[in-house]
Amino acid sequence: MKKIILGIFLSVLLFTTVDAKILVVPIQGEINSAKTNFVDSSIKNLKSEDTVIFKIDTYGGSIASAEEIKNSIMRSKAKTISVVDNKAESAGVLLTIASDEVYMIEGSTIGSAEPIPNTEKTLSYWRSILSDTAIRRGRNVDVIVAMADSDVAIENVVEKGKLLNLNAEKSKDLGISDYTYKDFDEFLTENNIVDYELANMNFGMKFLDFISSQVISSLFLIIGMSALVVELFMPGFGVGGVLSIIAFGLFFAGNIFAGSASWYAMAIFVLGLVLIFIEIMMPGFGVAGISGIISLVLGVIFAMGSLEVAIKSLSLAIIVTFGIGMFMVKKGMKTNLFNSLKLNNSLSSEEGFLSVDTAKLNVGDICLTKTVMKPTGFIEYMDVKYEAISVDGYIDKNVEVEVSKVEKSKIYVRRVI
């Protein structure tokens, strides 16, 4: 009986098939922390009998994020395949060569992997990562390095001073890709792939991916600065202030999540805003204003992680903000926007005020102060108000004064002795 049971059990094991899973993971757009989490969460549970296909179309992004994705791909137990469908530029080169197999779609390109900023330290580190990955996956190391370092020359391939960028056929000829397909559907058909799962980002991940984009980050910077200028022109705290806070918050959140910024960058930026507000409340242009502007610029540079990108974004934001500011100035001159900054109320004769030209005052006339004289104020003579200057300095309200001198447009008074 035991032999029969054992025989049945062995038969079940022999004829049981394991369903292999095929997963397609699209890597599109900018390489950032959102892409890192997406790829890692998509492939971490795959088994050795599974296959994961990375459909790549990217112009690059963060080196740190690209390295994390590369590590996830190379740690995976599943068979890994990279299919470049359009472009694998910059950091996308590392992701592509990290897979066991690499294929290109006709018309696609791979290369131009120069790091930004291109310092000696950064380039050396980036070259080492690319070289190590190329060696481990059996790719042409010299060709891969030439994509990142313009000082590398390869005879009949690329001359010194230019970055290497390859089309699909050239990539195959130089040992970077294994084959070229007409399109992604042909790749699936030729490899007998009919049933597969498509990995998708959830809403939260898509949102983080969206705000991490450099283009969107620059847009948030422009909106934040423009809204701040509008708020400064408006009384109280309103929509401009709220929009500015939201925009700056998303700007820093996106850059922090993208891996290019840290909390100290945000702290420096906020300090700059505080210093500028202090300067606005003080007359003149001093240390607070200059320090505030410097802090704002440094905060943006530290947040965006690249001096080149930061300067471009800041320059565009300043141009747009300046234009809005000029528009608000012109608009404000026609509205009540600057009521608190200019004197709109006239002192008319109908309200009991007369200019000196119409005054009937003589030296020795006794008047009554209607306001505090410190030393300028208003006096009253025969129910008519005049602006006057006290020669005795400070004089309280409702004190009798004597006209001591009338000189052109000025009336001088003194206390009655």
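**View 1. E407 pairs with K405 in a salt bridge.** The closest N and O atoms of E407 and K405 sit 3.9 Å apart. For a salt bridge, a side-chain nitrogen of Lys or Arg has to be within 4 Å of a carboxyl oxygen of Asp or Glu. Side chains of opposite charge can pair when their charged atoms come close. Both partners are partly exposed: E407 has 38% relative accessibility, and K405 has 39%. Here, buried means under 20% relative accessible area, exposed means over 50%, and partly exposed is anything in between (1.4 Å probe, protein chains only).

A quick note on what you're looking at: this is a predicted model, where local features need pLDDT of at least 70 and side-chain atom pairs count only at pLDDT 80 or more, while totals for chains, interfaces and linings use all residues. Residues are numbered from 1 along each chain as its sequence is written, and side-chain values use heavy atoms, with hydrogens and water left out.

**View 2. D100 and R137 meet through their side chains.** This is a salt bridge too, with 2.9 Å from N to O. D100 lies in the loop between helix 4 and strand 4 (101–105) and R137 lies in helix 5, so the pair ties together parts that are 37 residues apart in sequence. Helices (H or I, at least four residues) and strands (E, at least two) are DSSP runs, numbered from the N terminus. D100 is partly exposed, at 34% relative accessibility. The structure holds 11 salt bridges.

**View 3. R139 reaches D178 in a salt bridge.** Their closest N and O atoms are 2.9 Å apart. The two residues belong to distant parts of the chain, 39 residues apart: R139 is in the loop between helix 5 and helix 6, and D178 is in the loop between helix 7 (168–173) and strand 7 (179–181). Is R139 buried or exposed? R139 counts as buried, at 8% relative accessibility, whereas D178 is partly exposed at 35%.

**View 4. V25, F54 and M147 belong to the largest nonpolar core.** Of its 50 residues, these three touch the most other members. A nonpolar core is a set of buried Ala, Val, Leu, Ile, Met, Phe, Trp, Tyr and Cys residues joined through side-chain atoms within 4.5 Å. Helix 6 gives the most to this core, with six residues. Leaving aside neighbours within four places in sequence, F54 has contacts (heavy atoms within 4.5 Å) that include V25, I27, V39 and I43. There's also a second, separate core of 21 residues, and I211, I222, L228 and F269 are among them.

View 5. Strands 10 and 11 pair in the antiparallel sense over six bridges, where pairing takes at least two DSSP bridges between two strands. I379 stands opposite Y386 in strand 11.

**View 6. M382 and N86 each have a positive phi without being a glycine.** For M382, phi is about 55 degrees. M382 lies in the loop between strand 10 (376–381) and strand 11 (384–390) and is exposed, with a relative accessible area of 65%. For N86, phi is about 115 degrees. N86 lies in strand 3 (residues 79–89) and is partly exposed, with a relative accessible area of 37%.
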